[in-house]
Amino acid sequence: MAGRTVSHRETHRHERVGWLRAGVLGANDGIVSTTSLMIGVAASNASRGAILVAGIAGVVAGAASMALGEYVSVSSQRDTERADIARETLELEASPEHELEELTEIYVARGVSRASAEDVATQLMAADAIGAHLRDELGIFEHTRARPTQASVVSALAFAVGSGIPVAVMALFGDNASASARIITSAIVALVMLVALGALGAKLGGAKPTRAATRVVVGGAIAMAASALVGSLLGTAVA
Ligand SMILES: [Zn+2]
């Protein structure tokens, strides 16, 4: 029973991986891209209105792009899985003996004795032949199957939330606020959000929080600094 409890808990962690990855990716992307976009516009000494229009356009464009990108990429992953399953089903029908031997060899390679491996393979194939082959030969598990719609919706919503907060913060500034006040405040808010998100993502996924947070903060800081530089250069050049 103790063993069952442990494996049950691990399963839950794996189940979260698909949408967790999509959600964290979407939110990170929303924070970094929209804050950088607004910082770039603010650095050109643009008006409050121009900065906010850029930010809101960034939220909409980014969420739509995330939804589409995730849908396309996870769909192609799902197509690959489906093709693997179809091929495996055909092989099981055409040459069950060969498939039994294949499964047996997989267990032998994992350290099980020949006799036990054959026994386990026979019993598993009697119970659920395709399921046994998908799991142990192809590494396809029901809870890790590709889900394009779920990935698409989760990442778009996460992007909208991640990018909406920096836009709301930017909206708090009045017409007369200086470009540097807008830039510094936005950058700090974005970095704090990135740290919190990196730590949360790592905790949910069971990884080390500091490492994940450091990566995303350094990356985000570089993106915002580059946008500020380009915005101020363009602002000077255009004006
Ligand atoms: Zn097989």
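## Basis and overall fold

Helices (H or I, at least four residues) and strands (E, at least two) are DSSP runs, numbered from the N terminus. With that convention, the elements of the chain run α-α-α-α-α-α-α from the N terminus on, a secondary structure of seven helices and zero strands. The structure is a predicted model, in which local features need pLDDT of at least 70 and side-chain atom pairs count only at pLDDT 80 or more, whereas totals for chains, interfaces and linings use all residues. Residues are numbered from 1 along each chain as its sequence is written.

## Dimensions and burial

The C-alpha trace of the chain spans about 80 × 35 × 25 Å along its principal axes. The radius of gyration, taken over C-alpha atoms, is 25 Å, while a compact globule of 239 residues would have a value near 18 Å by the rule of 2.2 Å times the number of residues to the power 0.38.

Of the 239 residues, 30% count as buried, a residue being buried if 20 or more other C-beta atoms lie within 10 Å of its own, exposed if 12 or fewer, and partly exposed in between, with C-beta atoms placed from the backbone. Two residues are in contact if their C-beta atoms, placed from the backbone, lie within 7 Å; among contacts between residues at least 6 apart in sequence, 77% join residues at least 24 apart.

## The nonpolar core

A nonpolar core is a set of buried Ala, Val, Leu, Ile, Met, Phe, Trp, Tyr and Cys residues joined through C-beta atoms within 7 Å. The largest one here has 38 residues, and those with the most contacts inside it are Met38, Ile39, Ala42, Ala63, Phe159, Ala190 and Leu194. At least two residues of this core are supplied by each of α1 (2–43), α2, α5 (148–171), α6 (179–205) and α7 (209–238), and the largest share, twelve residues, comes from α1.

Leaving aside its neighbours within four places in sequence, Phe159 is in contact with Gly26, Ala27, Asp29, Gly30, Gly62, Ala63 and Met66.

## The kinked helix α4

Helix α4 (residues 114–138) has 25 residues, yet its end C-alpha atoms are only 21 Å apart, short of the 36 Å that a straight helix would reach when the expected span is 1.5 Å times one less than the number of residues. A kink of about 120° in α4 is centred on Asp128, where the bend is the angle between axes fitted to the seven residues ending there and the seven starting there.

The buried residues of α4 are Ala121, Ala132, His133 and Leu134, and what covers them includes α2 (48–94) and α3 (96–109). Just after α4, Gly139 takes a positive phi of about 70°.

## Individual residues

Asn45, placed in the loop between α1 and α2, has a positive phi of about 65° although it is not a glycine. Most residues other than glycine have a negative phi. Asn45 is partly exposed because 15 other C-beta atoms lie within 10 Å.

Ser65 in helix α2 is likewise partly exposed, with 15 other C-beta atoms within 10 Å. The C-alpha atoms of Ser65 and Val167 are separated by 18 Å, the two residues being 102 apart along the chain.

## Recorded annotation

An unreviewed UniProt entry lists residues 20–43, 49–68, 153–173, 179–200 and 212–234 under "transmembrane region"; positions are given in the numbering used here, feature names are shortened, and annotations may be inferred rather than shown by experiment. In the model, residues 153–173 are 90% helix and 0% strand, with end C-alpha atoms 31 Å apart, and residues 179–200 are 100% helix and 0% strand, with end C-alpha atoms 31 Å apart.
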